[in-house]
Amino acid sequence: MTAVPLRIAIVEDNTDLNGLLVNALRSAGFDATGYASVEDFERSDDRPHIFLLDLNLPGEDGLSFARRLRGSAGDAGIVMLTARNDMDQRRSGYDSGADIYLTKPSSVDEILGALNALGRRLQAQRLTEGDGLTEGNATAPPVLTLSPRKLEVTGPAGSVSITAAEAAVLAYCASDPNGRISLAAFDEILPEGAGLSKVAIELKVVRLRKKLAAAGFDGRSIGSVRNYGYQLLLPVKVVQA
């Protein structure tokens, strides 16, 4: 049996961008449908797993709609994609219910990465609650378990020891809404302190990827984010034991 494709509702009034996103997401394996407004979406019977939501919309705006979605105890993911890019606007987006806040222009690859990461996070949450996004006996994406106290990660292939620095990196990613860590954050959280070169950071990430692979995560576990840093691409559960 195969996994159910993630259903994505794209609410974007720019016709060209809407069409581009629908085509790109469908090509990447998502079940994507475009809507020109919140009202257009609400006339449908669509029940998406994730909303890809513009904020400047005709009729009800994206922030108001996100608040309504969260207020009705909806469990759908929300990715905001907007030209509003200052810090107060970002904070307002997260306060209104965004899981991930992206600014225009964002590359298709970045949007796909965000949707995949959020989809894995939602999958892990629904598995915990006993309601996955799979059909029949399909295998759900494995969850990375991190124990900062024991300094180990656990996956489908078992447990693997990690360093305190690697645990700090993974814990930082787990606490970030997008699963990301900036290059500057490495200086802040690693015991080596400031001044790590990009090459030194990359070597640390390569070693961490190898340990995650040894734990059973053979696919792409940590991705590079251009002009920023890295992104953890696995659903993660942090335990205190």
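**Exercise 1. Characterise the contact between Arg-70 and Asp-99 in this predicted model.**

*Solution.* Arg-70 and Asp-99 form a salt bridge, and their closest N and O atoms are 2.7 Å apart. The criterion is a side-chain nitrogen of Lys or Arg within 4 Å of a carboxyl oxygen of Asp or Glu.

Step 1: locate the partners. Arg-70 belongs to helix H3 (residues 62–71), and Asp-99 to the loop between helix H4 (87–95) and strand E5 (100–103). With 29 residues separating them, the pair links distant parts of the chain.

**Exercise 2. Determine where the partners Arg-91 and Asp-88 lie and how exposed each of them is.**

*Solution.* Step 1: the contact between the side chains of Arg-91 and Asp-88 is a salt bridge, with an N to O distance of 2.9 Å.

Step 1: both residues lie in helix H4, three residues apart, which is about one turn of the helix.

Step 2: Arg-91, at 44% relative accessibility, is classed as partly exposed, whereas Asp-88, at 55%, is classed as exposed.

**Exercise 3. State how many salt bridges the structure holds, and describe the one between Glu-202 and Arg-209.**

*Solution.* Step 1: the total is nine salt bridges.

Step 1: in the bridge between Glu-202 and Arg-209, the N to O distance is 3.5 Å. Glu-202 is partly exposed at 28% relative accessibility, and Arg-209 is partly exposed at 23%.

Step 2: Pro-105 is placed in the loop between E5 and helix H5 (108–128).

**Exercise 4. Classify the ring pairs Phe-41 with Phe-51 and Tyr-94 with Tyr-101.**

*Solution.* Step 1: a pair of aromatic rings is described by the distance of the centres and the angle of the planes. The whole structure contains six aromatic pairs.

Step 1: the ring centres of Phe-41 and Phe-51 are 5.0 Å apart and the planes stand at 75 degrees, so this pair is edge-to-face. Phe-41 is in helix H2 (residues 38–42) and Phe-51 in strand E3 (residues 50–53), ten residues apart. Phe-41 has a relative accessible area of 9% and is buried; Phe-51 is likewise buried, at 3%.

Step 2: for Tyr-94 and Tyr-101 the centres are 6.1 Å apart and the planes are at 45 degrees, so the pair is tilted. Tyr-94 is partly exposed at 28% relative accessibility, while Tyr-101 is buried at 2%.

Step 3: Phe-41 and Phe-51 also belong to one aromatic cluster together with Tyr-35 and Phe-65.

**Exercise 5. Describe the surroundings of Tyr-228 and the backbone of Asn-227.**

*Solution.* Step 1: Tyr-228 is located in the loop between strand E10 (222–225) and E11. Its relative accessibility of 34% makes Tyr-228 partly exposed.

Step 1: Arg-180 lies over the face of Tyr-228, 5.8 Å from the ring centre. The C-alpha atoms of Tyr-228 and Ser-182 are 5.3 Å apart, although 46 residues separate the two along the chain.

Step 2: Asn-227 is found in the loop between E10 and E11. Its phi is near 60 degrees, a positive value in a residue other than glycine. Asn-227 is exposed, with a relative accessible area of 77%.

Step 3: Leu-151 also has a positive phi, near 55 degrees. Leu-151 is in the loop between strand E6 (144–147) and strand E7 (152–155), and is partly exposed at 28% relative accessibility.

Terms used:
Residues are numbered from 1 along each chain as its sequence is written. This is a predicted model: local features need pLDDT of at least 70, side-chain atom pairs count only at pLDDT 80 or more; totals for chains, interfaces and linings use all residues. Side-chain values use heavy atoms; hydrogens and water are left out. Rings of Phe, Tyr and Trp (its six-membered ring) pair if their centres lie within 6.5 Å; planes under 30 degrees apart count as stacked, over 60 as edge-to-face and the rest as tilted. Helices (H or I, at least four residues) and strands (E, at least two) are DSSP runs, numbered from the N terminus. Buried means under 20% relative accessible area, exposed over 50%, partly exposed in between (1.4 Å probe, protein chains only). A charge sits over a ring if NZ of Lys or CZ of Arg is within 6 Å of the ring centre and within 35 degrees of the ring normal.
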